[in-house]
Amino acid sequence: MKEIMYIFIGGGIGSVSRYLAQIAVNEKLSPTFFPFPWGTFAVNIAGSLLIGLFYSLSERLDLSFELRLFLTVGFCGGFTTFSTLANDGLSLLKGGFYGIFAFYTLASMILGLLAVLGGGYLGEHLKQ
């Protein structure tokens, strides 16, 4: 039951952080650039970097199981959002922005995977 609470708290913090980050990014970029879901894109790439970093550091620093759950399943799970990515993609398709949809989907997947790898690399090579 204790693990569930760590995930619950981390997920809440991650979700609120996502909301605030998306607002900040969208206010800076959305009005000036083509119809692209910049907020969701930025949050998902940042979250992918963080989850790679958290997994790597948790192994290297031998963090408790509860803290690992808090950071990865909780915070990163709440911070990143596949459902919003899918909804943004559907909106792009409905708006007839097929090229932007293809770019958004592919870039999200490719950069997300590269960010996880990069986060893992950073976690392995940061000095203690």
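Helices (H or I, at least four residues) and strands (E, at least two) are DSSP runs, numbered from the N terminus. The model is predicted: local features need pLDDT of at least 70, side-chain atom pairs count only at pLDDT 80 or more, and totals for chains, interfaces and linings use all residues. Residues are numbered from 1 along each chain as its sequence is written, and side-chain values use heavy atoms, with hydrogens and water left out.

**Exercise 1.** Determine where Phe82 lies and whether Phe82 is buried or exposed.

*Solution.*
Step 1. Phe82 belongs to helix α4, residues 82-94.
Step 2. Buried means under 20% relative accessible area, exposed over 50%, and partly exposed in between (1.4 Å probe, protein chains only).
Step 3. Phe82 has 55% relative accessibility and therefore counts as exposed.

**Exercise 2.** Classify Leu111 by its relative accessibility.

*Solution.*
Step 1. Leu111 is found in helix α5.
Step 2. Its relative accessibility is 37%, so Leu111 counts as partly exposed.

**Exercise 3.** State which residues form the nonpolar patch on the surface and which helix gives the most to the patch.

*Solution.*
Step 1. Patches are made of residues with over 30% relative accessible area and no salt bridge; like charges are joined within 9 Å, nonpolar side chains (Val, Leu, Ile, Met, Phe, Trp, Tyr) within 5 Å. A salt bridge is a side-chain nitrogen of Lys or Arg within 4 Å of a carboxyl oxygen of Asp or Glu.
Step 2. The members are Phe82, Leu106, Met109, Ile110, Leu111, Leu114 and Leu117.
Step 3. Together they have about 720 Å² of accessible area (Shrake-Rupley method, 1.4 Å probe; for residues, only the protein chains shown count as cover).
Step 4. With six residues, α5 gives the most to the patch.
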